[in-house]
Structure formats: C-alpha cells, structure tokens
Amino acid sequence: MDWTPAPRRPTAIRRQQNLALLSAVVSGGVVAGGLILLLLARVNPDTAAGLRRTTADLVAPTWAVLRAPVDGLAALAEGIGDYFGAIDRARHLETELDTANARLRAARAGMEELRRLKALMRVRSPQREVVATARIAAATTGTVVRTAMLAVGTSDGVGEAMPVIGAEGLIGRTTEVGRNAARVLLITDPLSRVPVIVERTGQVGLAAGRNQPTLQLIDLSGATVPLVTGDRVVTSGDGGVYPPGVPVATVVDARAAAPVLRPAARLLGAGFVTVETAWLPVPATEPQGPVFDAPVPVEARRRGAPTPRLRDADAPPISNGTGG
Amino acid sequence: MIAPPPPPALLMTPQERRRWLLSTWRYAVPMLVSLLLLLLMVMPVPLSVPAMPQLGLMAVLAWALLQPSLMPPWLAFCIGGFADLLFGLPLGVNATAFALITGLMRLMAPLFGRSGLMVDWLMLCLLLLLFAGLVGPLMALAGRPVPLLPLLLQWLTSILSWPLVARFCAAIQRRLAASAPSWRAG
C-alpha cells in the first residue's frame, strides 16, 4: 500500500537499501533502550517524573479550555431537564427534609455529649483544609492505569499525596504535580489502596482498585460480622492522606471472597473536585548517617564524616542471624 | 506520495531550495497526526471502564502501512514515549510496545491490501491483541504488574474504530498527495 515509487537508478536502490539497514539497526537499538528504560523505572520509579510533569503542564490547561463549551452544553441540557418532574421532586424532597430534621434533632444531643467527652479526653483532631478546587481536565480512560489531570499545580499550592474529593465522595490522590497541572491517581487504579472502615460494622480494610468500575475490599479485619449489600464504606483516616469519614463506596456484592464495592462518586463526572491538604502529613525525619560497626577515624571525622551511630535495640546486629 | 524525494541539494536552484524547505512539514504529518490522536485519547470522557480505543497506536499502524518510510519503528518508539509521559506510565512501556508492533507491521506489510479489507482487519485485530498482551509483561518489568482482563473491552472498541482511523489517515494522505510538489516540473 506504499505510495512511494520504488527507485530505478542503481545508486538510489543502494541508498535505499543502506537506509533500510540503518533504520532496522536503529529500531532494534531503541527497543533495547526501551527495555533498559523499563528496568530503570523498576529500580527508581521516579525516572522521568519531571518529563511527565512537564507533559501534564502542557496538556491539562489545553483540555481545561477545550472542555468548557462541552460543559456549557451539558449544563444547558441539565437545566432544561430540571423543569420536567419538578413538582414530584419537590414533594419527595419535602418528605425527605422532614425525616432528616427529625434525625438532626436526635443527633444534636449526641453531638453536644461528644463535644464534652472530647474536651474531657483532650482529643486533638486536625482540621480539613481545601487547597484548590478544579474540574477534571483530562483522564486516561484507555490504558492500564487510571489517572486524571487537574489544571491546578504547585502555583496553586497543590502538592503530592493530597486527597482529591468530589461532592459525592472520594476521587483519588495527587501523585505528580507540575506548575499548572496535577496528576490524580483515581481510586479505581490498580495501584490505589484506600484505608477504609465499614460504617455499620466498624471493620477496617483497604479499598483496592483493579482498573474496573468497581473496587475490592481487601485485608478486612475486625469483628466477623457478615457484610450486607448496601453497607457504606468511608475512609478511616489511617495512613494520613485521606481525612476520615469521606464516603468511598457502597458494598454491591458481599458474598464474594473479597467484597465488591461501587465507588460513591462518579470519578470522571462533570462536577468540580477539591484538593485538600493531607490529613496527617508524614513528618519529615532528619536523614541519619549509616550505622557503623567500626569507629570512624579522627582524621575522617575532622573532614566532616558523620559521627558513628552504634547499633541499638531496634537495629539488631547482623551476627544475630535475623538479617536486620 | 505525500512528500516526494527532493532533487540532489547541489543541483537545486535557490527557488527550489526555498520550496523544499517550505514543504518539509509534510514529512512530519504522520507523526503529528499520531500525536493528535494520542491527545484525543485523554479526552475527559466520564467512562468508568477502560473503553477508550487505542487511537494513537492505530494511527501509527495506519501510517506504517500507508507511508512506511515516514513511520519507522524508532519514530513509533518516540511517539510511544510521549504516550507514556501523557498517561503517566513508566517511561518505556508504550514506547517499546509501539516500536515492536510497528516493526511487526513492517514485516507484515506485504500481506496487507491483497485479500480484501476483512482479512486486513483480522490481521490488525491480532496485532492489537498482541499489543494488549505485551503491555502486561512490560509493566511487570517496570515493577508495576497490572490486571489485563479489563483491557479486553478496549481491544473491542479499538478493532471497531480501526476503519475510522484508517480512513482518516488515508483521507489525509489523499489530500496531501493532491498537493504534493513535483520537482520535475519546477
């Protein structure tokens, strides 16, 4: 199907043969180079993170602009649809409001009691703080990973490992952050593990993504109460990234070996998402020098070698046979 | 022929040289079309399943079929590298897979266009399936094993959208061929 005519002159034929040979050699070389790059990524997952950030910086603002007219049309269609069945919905909402008010009255007494108890126990709870609000600008819906891009970055105060929360529930966490774009690891990504708690039973576990519309509840521990379909699963606050109490999913199949969950939020829906500060950021620990078995010579110490740290209880000696 | 080979540089008149320099963008059209379709793949579609077809890879394959000299495997490697950066994958996964599949396409090119469109389509389905099967081991090599079964849906949407992508690339080739400069007349 190649349209390029084959050359007729002998010199041109030879030139084309040489070029084909060169191209084959270069192609073999780049495939080998690609495998080496993959090994590099295995050793150091941060390989090319800067390049990825730059690409996101270039692409996310573009898509954020391009999707505006589509969003406008969708909002218009939604606005027209709202007029139909408005009366039925208002009646339904009124009954819902009545029940909710009744529950709120009952809860008010409990809240006051909880506040007093917390004051008594001197419980200190960190505050949730919204860093930025944005729309999802771009998303990978066609690869082995599930990430999205936001058109906010370090210039808006967004950093790595910050929770991304939508109106209906948890969306994911930021992974790579450029100047004007942030990549979000969605909770359905195979790498994502969200520490959760089942609201009804109090069991804790991990909501694991698997590149499918549903999540899996793994490593479930706690009281052995069987889950039922419809159990709500919220974040537990373990791990320090996600604040506790954010809806993650509901159980849709409780009988499976690993219960199947459906995410509470439409991950790539049209709504806005907020980026919050990490619930309990990992404290920055001072880098410590290696543990020396032998004393450091005085000459080396004069030239700035770190003082030797002796092996103590939490670093058992290798001769013990435990392997550290 | 969207970019005819130029006359020897020594024999070019200044006017011809200017025309040649102004027409060099034609050599980049296959790459640019592939990159454009890759960008289209990160469109924020509210899909909860990985169903977006592999538009970038299909464009690369279509150009490897239509213009083998303008889409060599090493260029497919570069385009795949851009896809890795775009999708946030370890650098080299798509790059290596794109290069391997394009090389295979190059070897199979004589088989295409002989036994009818359906046979071409079937061979392409096999190539895309091979790509989907190749991504798993490459991701495992990069230390991030992924489940491959969800990609079956993407394979289905890909093979369904192949005629569209191939027609799109062929239409571009026709348009460019109609306006290709001919050096004999100049």
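1. Domain bounds in this note come from an automatic or database domain assignment. For chain A, that assignment gives domain 1 (88-124) and domain 2 (131-276). The C-alpha centres of domain 1 and domain 2 of chain A lie 26 Å apart.

2. The model is predicted: local features need pLDDT of at least 70 and side-chain atom pairs count only at pLDDT 80 or more, whereas totals for chains, interfaces and linings use all residues. Residues are numbered from 1 along each chain as its sequence is written, and chains are lettered from A and ligands numbered from 1 in the order in which they are written.

3. Chain A has a mean pLDDT (the predictor's confidence in each residue, from 0 to 100) of 84, and 90% of its residues reach 70 or more. Over residues 319-324 of chain A the pLDDT is below 50, and beyond near neighbours in sequence this stretch has four contacts in the model; a contact requires C-beta atoms, placed from the backbone, to lie within 7 Å. Where pLDDT is low, the predicted coordinates should not be read in detail.

4. Chain A contains four helices and twelve strands; helices (H or I, at least four residues) and strands (E, at least two) are DSSP runs, numbered from the N terminus. Six strands of chain A form a closed barrel in the order S1-S2-S5-S4-S3-S12, with antiparallel pairing; strands pair if DSSP finds at least two bridges between them. Direction ignored, neighbouring strands of this sheet are turned by 40° against each other on average.

5. Strand S1 (residues 130-139) and strand S12 (residues 272-276) of chain A pair in the antiparallel sense over five bridges. A:Arg135 has A:Phe272, in S12(A), as its bridge partner.

6. Between the chains, 53 residues of chain B are in contact with 49 residues of chain A. Several helices of chain B each supply at least two residues of the side that touches chain A, among them H2 (29-41) and H7 (151-178). By class, that side of chain B has 41 nonpolar, eleven polar and one charged residues; Ala, Val, Leu, Ile, Met, Phe, Trp, Tyr, Cys and Pro count as nonpolar, Asp, Glu, Lys and Arg as charged, and the others, Gly among them, as polar.

7. B:Pro90 is placed in the loop between H4 and H5 of chain B. Is B:Pro90 buried or exposed? B:Pro90 is buried, because 24 other C-beta atoms lie within 10 Å (buried means 20 or more, exposed 12 or fewer, and partly exposed in between, with C-beta atoms placed from the backbone). Leaving aside neighbours within four places in sequence, the contacts of B:Pro90 include A:Leu38, A:Ala41 and B:Arg144.

Notes:
Axes fitted to C-alpha atoms, helices over the stretch in contact; angles between N-to-C directions. Contact = placed C-beta atoms within 7 Å.
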